[in-house]
Structure formats: C-alpha cells, structure tokens
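Please look over the sequence and the 3D structure below. A short briefing follows, grouped by topic.

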Amino acid sequence: MITAIVLIKTSVDRIPEIAEAIASLDSVSEVFSVTGTYDLIAMVRVARHDDLADVIPGRISKIPGVEATDTHVAFRTYSQHDLEAAFAIGLDA
C-alpha cells in the first residue's frame with residue numbers, strides 16, 4: 001500500500017464542502033482541516049504509484065475550490081499501533 005500526504009489550498013469560504021468532497025473519494029482515508037499555509041491535509045492510500053495520478057491530479061485537483069496541492073509520498077509508515085504490537089510479541093496478556 002502506498003500512502004501519500006496531500007497538502008491542499010482551497011477557497012477558504014468552501015473548506016467544509018471541499019473537505020467532504022475529498023473525503024468521499026475511494027482512495028482517501030482521512031481529511032484534516034488545519035491551520036497554516038494549507039487549508040486541508042488528505043491521506044491517500046493506493047495500491048500502485050500510477051493510481052496516485054488518478055486520485056490526486058485526476059480527481060482531488062478537479063474538485064471546484066481546490067486551488068493547489070503539494071504531495072508527499074511516504075517511504076515507510078510508523079504508528080503507535082505497530083509499536084505496541086512489536087513490543088507485545090512473546091508477552092502473555
């Protein structure tokens with residue numbers, strides 16, 4: 001699974017509607033409304049790199065009100081869930 005973090009600039013008067021439209025896309029797992037330079041951050045998860053082109057410029061960027069995107073592809077994923085599972089190996093509950 002390939003994870004991309006997409007930073008999104010939008011029309012500020014339509015942030016909730018744009019966030020909902022992005023969140024409704026199949027490959028988008030979460031959308032966060034944030035402060036700072038960008039208005040939204042979307043987590044995109046796809047099976048192949050080629051699928052990123054279908055989702056980000058092909059669908060997210062075409063949503064009315066999306067002004068710009070900046071995409072970062074994750075090399076590796078670390079999470080608290082993964083760390084807890086690794087430390088629990090061999091321990092009796």
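In which helix is His 49 found? His 49 is found in helix H2, which covers residues 49–60. Helices (H or I, at least four residues) and strands (E, at least two) are DSSP runs, numbered from the N terminus.

This is a predicted model, in which local features need pLDDT of at least 70, side-chain atom pairs count only at pLDDT 80 or more, and totals for chains, interfaces and linings use all residues. Residues are numbered from 1 along each chain as its sequence is written, and side-chain values use heavy atoms, with hydrogens and water left out.

**The chain as a whole**

- The protein chain contains three helices and four strands.
- Along the sequence, these elements follow the pattern β-α-β-β-α-β-α.
- Of the 93 residues of the protein chain, 30% count as buried. Buried means under 20% relative accessible area, exposed over 50%, and partly exposed in between (1.4 Å probe, protein chains only).
- Contact means heavy atoms within 4.5 Å. Among contacts in the protein chain between residues at least 6 apart in sequence, 66% join residues at least 24 apart.

**The sheet**

- Strands of a sheet pair through backbone hydrogen bonds, either parallel or antiparallel. Two strands are taken to pair if DSSP finds at least two bridges between them.
- Four strands form an open sheet in the order S2-S3-S1-S4, and the pairing is antiparallel.
- The edge strands are S2 (28–33) and S4 (66–73), each of which pairs on one side only.
- On average, neighbouring strands of this sheet are turned by 20 degrees against each other, direction ignored. For such angles, axes are lines fitted to C-alpha atoms, for helices over the stretch in contact, and angles run from 0 to 180 degrees between N-to-C directions.

**Strand S1 and its partners**

- Strand S1 (residues 2–10) is joined to S4 by seven bridges, and the two run antiparallel.
- Ile 8 stands opposite Thr 69 in S4, and Val 6 stands opposite Thr 71 in S4.
- S1 and S3 also pair in the antiparallel sense, over seven bridges. In S3, Met 43 is the bridge partner of Ile 5.
- S1 is mostly covered, with seven of its nine residues buried.
- Thr 10 lies in strand S1. Thr 10 has a relative accessible area of 3%, so this residue is buried.
- Leaving aside neighbours within four places in sequence, Thr 10 is in contact with Ile 15, Ile 18, Asp 39, Leu 40, Gly 65 and Glu 67.

**Strands S2 and S3**

- S2 and S3 pair in the antiparallel sense over five bridges. In S3, Met 43 is the bridge partner of Glu 30.
- S2 and S3 form a hairpin with six residues between them, and Gly 36 in the turn has a positive phi of about 110 degrees.
- Val 34 lies in the loop between S2 and S3. Val 34 counts as partly exposed because its relative accessibility is 29%.
- Leaving aside neighbours within four places in sequence, Val 34 is in contact with Asp 39, Leu 40 and Ile 41.
- Val 34 and Leu 7 are 27 residues apart along the chain, and their C-alpha atoms are separated by 9.7 Å.

**Helix H1**

- Helix H1 (residues 15–23) packs on the sheet and touches S1, S2, strand S3 (40–46) and S4. The direction of H1 makes about 165 degrees with that of S2.
- In H1, the residues Ile 15, Ile 18, Ala 19 and Ile 22 are buried.
- Seen down the axis of H1, its buried residues fall within an arc of 100 degrees, so they line one face of the helix. The arc is that of the directions from the helix axis to the C-beta atoms.
- The buried residues of H1 pack against S1, S2, S3, H2 and S4.

**His 49**

- His 49 has a relative accessible area of 53%, so this residue counts as exposed.
- Not counting residues up to four places away in sequence, His 49 touches Ile 2 and Val 73.
- His 49 and Met 1 are 48 residues apart in sequence and 9.3 Å apart in space, C-alpha to C-alpha.

**Rings**

- Lys 9 lies over the face of Tyr 38, at 5.5 Å from the ring centre. A charge sits over a ring if NZ of Lys or CZ of Arg is within 6 Å of the ring centre and within 35 degrees of the ring normal.
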